[in-house]
Amino acid sequence: MKRIISDLPPLDKLFLSIPLVRDYYELNAGRIKRGLLLKLKSVGLLRPYAHAIWLCTYRCNFTCPYCEASAGDADPNELTTEQAFKMVNDLAEIKVKKLLISGGEVLVRKDIFKVMKYANSRGIKIGILSNGFLVKQMKEKLSEIDMFFYFSSIDGREDYHNEMRGRANSFNKVFESLDVMRDLGVKTRLINSVIHPGNYDDLEGLFNKISQSSATMWNLTPMAKVGRADGDFGYSLSGEQLRGLVSFIREKRKYFPVDVADSHSYLGFFEGAAIGRPHFASAGLTKLAIMPDGEVLGCNQIYDHSYTEGSVKTRSLKDIWENEFKRFRSKEYPEYCMGCEFIKQCQGGFWAEMEKEKKCLKEVWFNS
């Protein structure tokens, strides 16, 4: 547990270290933190304290069938190098200290090292979300970047992962990339696995492989209906499988930092106990997302420009941060959440899924 707590934000560390308040805080952290942040907003002190995420390109060297970004080809309107530098300047102006860079695949963008070095020069540390395939061959260039975080994904057992990724040896490349990041001194090395009926039975074997690798954390994410998984393709877990997933996490985190991804940490409320990290819906409050073409969203997983808060091509990020994101900073709960017995704790759950589906996984959890 000490290892897991060390990776948490300061407020979580404080309250979880006090036995008399720990249980209460685990179930009410979202409400407490949201209230504090809205007060900071009212006095002009709200900042993207967690991070900003930049989807630097939609281009990718993989063809995953349920890619949430529907990645493949680059968007013709993606930020130029100069526009990316301006974005970095804007991030520095609003005191962003951590920038996560995703895609598509980060390392196929030709100017990415220029942009990352420039961000470092402005006092911004870098996190990389990558499929891992190109990491080893770019180790020397990566060694020049001040990185705090590395994220890659495993889809299941080796043959299944390689099939889903459409590239032979892609499974081994992920673990190779973790070794590289360990050698480079990157502190947090996270593996994420999107869980669905096709890989649910692989959990035990994956735990054995990942817990003995250079990963420092493993997140498990129920499939969300976004990107190429938008629709009914047999990717949704049943209630029995959701409950089994949570039970698996509770047991395995005794031995290794396993957790449900932030997007679905609200599932713990259905059992009356936090799964791992306390749930907090942080979109538009402590983080923001910048899409490949410069549109700014509160949550990168919505992938819908009708939810744009503005564009870094035409407005300063400071202006957008201070004057937009109203949908995330309202004291009112979403209409589709009204009457739910869990609303005060979950604060609206996983925003992207809720906004699209107008419901969470509560019905599935309790009725199947």
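This is a predicted model: local features need pLDDT of at least 70, side-chain atom pairs count only at pLDDT 80 or more; totals for chains, interfaces and linings use all residues.
1. How exposed is lysine 125, in terms of relative accessible area? Lysine 125 has a relative accessible area of 39%, so this residue is partly exposed. Lysine 125 sits in strand E3, which covers residues 125-129. The residue also belongs to a positive surface patch, together with Lys13, Lys98 and Lys187.

2. The sheet comes next. Nine strands build an open sheet. Their order is E7-E6-E5-E4-E3-E2-E1-E8-E9, and the pairing is mixed. E7 and strand E9 (296-297) are the edge strands, each with a pairing on one side only.

3. E4 is mostly covered, with seven of its seven residues buried. On one side, E4 pairs with E3 in the parallel sense, over four bridges. Here leucine 129 faces phenylalanine 151 of E4. Phenylalanine 149 stands opposite threonine 188 in E5, and serine 153 stands opposite asparagine 192 in E5. As background, side chains in a regular strand alternate between the two faces of the sheet.

4. Now the salt bridges. The whole structure holds 26 of them. In general, side chains of opposite charge can pair when their charged atoms come close. One of the bridges joins aspartate 159 to arginine 157, with 2.9 Å between the closest N and O atoms. Arginine 157 is partly exposed, at a relative accessible area of 39%. A network of salt bridges links Lys139, Asp179, Arg182 and Asp183.

5. Lysine 318 has a relative accessible area of 32% and is partly exposed. Glutamate 322 is also partly exposed, at 34%.

6. The surface has a nonpolar patch too. Leu14, Ile18 and Leu20 make this patch, which covers about 320 Å². Isoleucine 18 is placed in the loop between helix H2 (10-16) and helix H3 (19-42). With a relative accessible area of 33%, isoleucine 18 is partly exposed.

7. Is arginine 277 buried or exposed? Its relative accessibility is 17%; buried means under 20%, so arginine 277 counts as buried. Arginine 277 and serine 130 are 147 residues apart in sequence. Their C-alpha atoms are 23 Å apart in space.

8. Most residues other than glycine have a negative phi, and most peptide bonds are trans. The peptide bond from glycine 103 to glycine 104 is cis, with omega near 20°. Glycine 104 lies in the loop between strand E2 (98-102) and helix H5 (112-121).

9. Which residues other than glycine have a positive phi? Lysine 95 is one of them, with phi near 65°. Lysine 95 is in the loop that runs between helix H4 (81-93) and E2. Asparagine 169 is another, with a positive phi of about 70°. Asparagine 169 lies in the loop between helix H7 (158-165) and helix H8 (170-183). The relative accessible area of asparagine 169 is 35%, so the residue is partly exposed.

How values were computed:
Residues are numbered from 1 along each chain as its sequence is written. Side-chain values use heavy atoms; hydrogens and water are left out. Patches are made of residues with over 30% relative accessible area and no salt bridge: like charges are joined within 9 Å, nonpolar side chains (Val, Leu, Ile, Met, Phe, Trp, Tyr) within 5 Å. Accessible areas come from the Shrake-Rupley method with a 1.4 Å probe; for residues, only the protein chains shown count as cover. A salt bridge is a side-chain nitrogen of Lys or Arg within 4 Å of a carboxyl oxygen of Asp or Glu. Lys and Arg count as positive and Asp and Glu as negative; His and the chain ends are not counted. The place of a charge is taken as NZ of Lys, CZ of Arg, CG of Asp or CD of Glu. Helices (H or I, at least four residues) and strands (E, at least two) are DSSP runs, numbered from the N terminus. Buried means under 20% relative accessible area, exposed over 50%, partly exposed in between (1.4 Å probe, protein chains only). Two strands pair if DSSP finds at least two bridges between them.
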